[in-house]
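Welcome, and please open your viewer. We will go from one selection to the next and look at what each one shows.

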Amino acid sequence: MSKAVALIIVLFLGLFSGHCYGQLRVGFYKGIKCGQKDVEGVVREVVKSWRFTKDKTIAAALLRMQFHDCFVNGCDASILLDGNNSEKKAGANKSVRGYELIDAIKQALDTECQGAEVSCADIISLATRDAVLLSGGKWYNAETGRRDGSVSLASNVNLPGPSISVSDSINVFASKGLNATDMVYLLGGHTVGTAHCSNFQDRLYNYKKTGGPDPTMNKLMLSSLRMQCPKSSNFDNSVPLDMGTPSVVDNSFYQQIKWGNGVLEIDQQIALDPLTNKTVDSIVKGSDFYTKFGEAMVKLGKVEVLIGTQGEVRKSCRVVNNKNPFILF
């Protein structure tokens with residue numbers, strides 16, 4: 001056999017091996033044994049235990065964590081890094097939670113899959129998929145092979161706010177390689193989400209400085225939200241973003257916003273704006289929400305990833321491996 005032919009065979013086989021550096025793929029960690037389980041099995045077991053014994057709302061937390069991570073420097077787990085000026089300290093991230101679960105998964109992988117290097121960025125993606133499944137959603141094949149970043153700065157956090165217009169939101173998502181349809185499906189993660197009153201209180205009392213409520217809000221919804229979010233209150237209460245099935249990953253969220261029950265302005269507007277309302281209609285009438293939602297999550301997980309020899313695989317998800325004092329946090 002000539003050297004040229006041998007090289008072609010090696011390259012061909014490499015395309016189908018578990019570790020295929022240079023790209024994301026399903027089953028990147030395939031072949032790594034963790035006792036009777038594999039890497040993804042260990043992640044799933046920890047998420048399942050966490051959801052049923054500690055936090056039934058963990059799906060909402062992880063969906064938010066993945067979105068906030070991927071939209072700042074890409075899906076590189078920079079949101080997990082501790083530091084006085086890290087992304088965690090940004091106002092938009094102060095209510096992000098789930099960090100302890102990621103730590104528990106990392107520890108379990110270190111214990112059960114000795115010697116295996118599993119990136120924190122991949123842990124976020126896998127854990128989110130498993131939490132969605134455990135909360136009524138459907139399985140989707142989360143791709144893996146990401147590497148972890150080393151830069152985490154609060155000043156880099158510039159996430160779209162709850163009052164952003166549909167057109168501006170589409171532009172923000174487009175800057176991350178995601179289209180308007182992806183955006184509508186990803187906002188469907190709000191089906192298990194909550195929001196503090198301060199994020200939408202203007203819609204209840206002084207919408208766009210009119211002195212009155214947002215006219216697009218359902219009147220019964222308005223009355224209910226005013227009770228939960230009084231005009232003068234010392235507490236910033238939280239309310240579910242899906243008034244139908246607030247703890248289940250399903251398409252109820254879209255039916256709610258069709259009825260005028262969107263809590264956040266952007267949620268309500270995607271059901272009204274001509275740029276997105278047909279997509280919302282098709283989700284309400286169709287039966288492929290779970291498939292399309294999974295596809296959108298996979299696309300989100302590809303945003304500006306580090307692969308191959310880029311970045312690193314952190315030993316602790318909270319700190320970089322190289323404690324170079326010139327790396328900023």
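Predicted model: local features only at pLDDT ≥ 70, side-chain atom pairs only at ≥ 80, totals over all residues.

**Stop 1**

D76 sits in the loop between α3 and α4, and with a relative accessible area of 5% D76 is buried.

**Stop 2: across to D69**

Not counting residues up to four places away in sequence, D69 is in contact with G74, C75, D76, A77, S78, I79 and I124.

**Stop 3: the annotated site**

Now select D69, V72, G74, D76, S78 and E87 together; an unreviewed UniProt entry annotates them as "binding site". These residues span 19 positions in sequence, yet no two of their C-alpha atoms lie more than 12.6 Å apart, so they gather at one spot.

**Stop 4: two positive phi angles**

Go to A77, among the contacts of D69. A77 is in the loop between α3 (58-70) and α4 (99-112), and its phi is near 65°, a positive value in a residue other than glycine. Is A77 buried or exposed? A77 is buried, with a relative accessible area of 0%.

Finally, jump to E304, in the segment after α13 (289-300). E304 is not a glycine, yet its phi is positive, at about 45°. With 42% relative accessibility, E304 counts as partly exposed.

Technical notes
Residues numbered from 1 in each chain as written. Heavy atoms only, no water. Helix = DSSP H or I, 4+ residues; strand = E, 2+ residues; numbered from the N terminus. Buried < 20%, exposed > 50% of the residue type's maximum accessible area, 1.4 Å probe, protein only. UniProt positions renumbered as here; feature names shortened; annotations may be inferred. Contact = heavy atoms within 4.5 Å.
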